[in-house]
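Please look at the structure before reading the points below.

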Amino acid sequence: MEDLEGIWERLNLNKDDNTLIYLQLEDLEKISSRGKCSLVGKVCSNRKIGREAVYSTMMKIWKVSKPLSFVEIRPNTFVITFVNQGDRRRKMEGCPWLFENHMFVLKLFDELSQPNSINFDVASMWVQMHKMPLGCMTRQTGVLIGSSVGNVLEVDALEDDVRWGNYLRVKKYMDLRKIIARGRIMNLEGQKMWVPFVYEKLPKMCFKCKCILHGEMRCARQGLK
């Protein structure tokens, strides 16, 4: 059944409904101050998950010393207020987070955004790039390969921009509606090499279309061979 919000959006506004209410930014000062310690999070699951379940689980995962304000504003969507900006910053830097193996996407609080307009389709994830030649395990190469999949946020390299190891780690924004990239072909001096990707904290995904955002019940490709 269509929700009331969708029905209202299709109706024509009458004269009274079309009345403009003007607000000043100073009216939002108290909200803005609290918002500096807040995030908006959504559990990407097709089933409705209760606030208490999400709250108790994330309290244990985040290991915060003091209780959080955890307010549900839409189904599976919450405003989370920390005791200080440092706690908020650390939780954003620690992304991605999972709740029962579902992606728990966090966004910075924006007092001017309507809850239904916040985009939770994009989230940051760490990707390991394997089988790379040692000479290519640099920040520049990480940005070059990572940019072919999404906007690169960070490359796990040392001060000299080099990081030798079994793989090169790159943190990037990913569109959760798109098919998960399995890797990229790298051309080095005319020699082609397959660079497979391994995702850290990979949540539940649809094995029919290889997307994260939905489960099996809503797969657009369900039934296709």
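In this predicted model, 5 strands form an open sheet in the order E2-E3-E1-E5-E4, with antiparallel pairing. Strands pair if DSSP finds at least two bridges between them; strands (E, at least two residues) and helices (H or I, at least four) are DSSP runs, numbered from the N terminus.

Basis of the values
- Residues are numbered from 1 along each chain as its sequence is written, and side-chain values use heavy atoms, leaving out hydrogens and water.
- Because the model is predicted, local features need pLDDT of at least 70 and side-chain atom pairs count only at pLDDT 80 or more, while totals for chains, interfaces and linings use all residues.

- Strand E2 (69-74) and strand E4 (97-99) are the edge strands, each pairing on one side only.
- From one strand to the next, the twist averages 35 degrees.
- E2 and strand E3 (residues 77-81) run antiparallel and are joined by 5 bridges.
- Glutamate 72 has phenylalanine 78 in E3 as its bridge partner.

The helix on the sheet
- Helix H3 (residues 51-62) packs on the sheet and touches strand E1 (38-43), E2, E3, E4 and strand E5 (102-108); contact means heavy atoms within 4.5 Å.
- The direction of H3 makes about 135 degrees with that of E4; axes are lines fitted to C-alpha atoms, for helices over the stretch in contact, and angles run from 0 to 180 degrees between N-to-C directions.

Glutamine 128
- Glutamine 128 lies in strand E6 (residues 122-130).
- Glutamine 128 counts as buried because its relative accessibility is 11%, and buried means under 20% relative accessible area (1.4 Å probe, protein chains only).
- Beyond its neighbours within four places in sequence, glutamine 128 is in contact with residues including Tyr167, Arg169 and Glu200.

Methods
Buried means under 20% relative accessible area, exposed over 50%, partly exposed in between (1.4 Å probe, protein chains only).
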